[in-house]
Amino acid sequence: MPTERFNRLPDKKKEAIRIAAAKEFARVLPEEVSINRIIRDAEISRGSFYTYFEDKGDLLRWLVEDVVDRNMQFYIQRLKENGGDI
């Protein structure tokens, strides 16, 4: 999972990393993902990447969990708005 340093980043920077990672993981198989492409698109250094994540597998786990969390929040909000009615 991401480090505490990553968690302290401004939301704009986290979003840039999220978008760059999602784009790259959608482009190729996980074993072919290029960290160089991600850091270029997110405009971060390789050193910064490795202070945020252990490796691309760690980044992928965070990305998947982030999507799950966002979807869960969306559905919970819709349930609240509709009195628990799906």
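Me: Which residues does Ile-17 touch, not counting those up to four places away in sequence?
Reply: Phe-6, Leu-9, Ala-42, Ile-44, Tyr-52, Phe-53 and Leu-59. Contact means heavy atoms within 4.5 Å. This is a predicted model, where local features need pLDDT of at least 70, side-chain atom pairs count only at pLDDT 80 or more, and totals for chains, interfaces and linings use all residues. Residues are numbered from 1 along each chain as its sequence is written, and side-chain values use heavy atoms, with hydrogens and water left out.

Me: Which residues touch the most other members of the largest nonpolar core?
Reply: Ile-17, Phe-53 and Leu-59, out of 19 residues. A nonpolar core is a set of buried Ala, Val, Leu, Ile, Met, Phe, Trp, Tyr and Cys residues joined through side-chain atoms within 4.5 Å. Buried means under 20% relative accessible area, exposed over 50%, partly exposed in between (1.4 Å probe, protein chains only).

Me: Which elements give two or more residues to this core?
Reply: α2 (11–27), α3 (35–42), α4 (46–52) and α5. Helices are DSSP runs of H or I with at least four residues, numbered from the N terminus.

Me: OK, rings. How many aromatic pairs does the structure hold?
Reply: Seven. Rings of Phe, Tyr and Trp (its six-membered ring) pair if their centres lie within 6.5 Å; planes under 30 degrees apart count as stacked, over 60 as edge-to-face and the rest as tilted.

Me: Why is the pair of Phe-6 and Trp-62 edge-to-face?
Reply: Because the planes are at 75°, with the ring centres 5.0 Å apart. The pair links distant parts of the chain. Phe-6 is in helix α1 (residues 4–7) and Trp-62 in helix α5 (residues 56–81), 56 residues apart.

Me: Are those two buried or exposed?
Reply: Phe-6 is buried at 1% relative accessible area. Trp-62 is buried too, at 8%.

Me: What sort of pair do Phe-53 and Trp-62 form?
Reply: A tilted one, 5.8 Å centre to centre with 50° between the planes. Phe-53 is buried, at 1%.

Me: Which residues do ring pairs link into a cluster?
Reply: Phe-6, Phe-49, Tyr-50, Tyr-52, Phe-53 and Trp-62.

Me: New topic. Where is Glu-43 found?
Reply: In the loop between α3 and α4. Glu-43 is exposed, at 68% relative accessibility. Its phi is near 60°, a positive value in a residue other than glycine.
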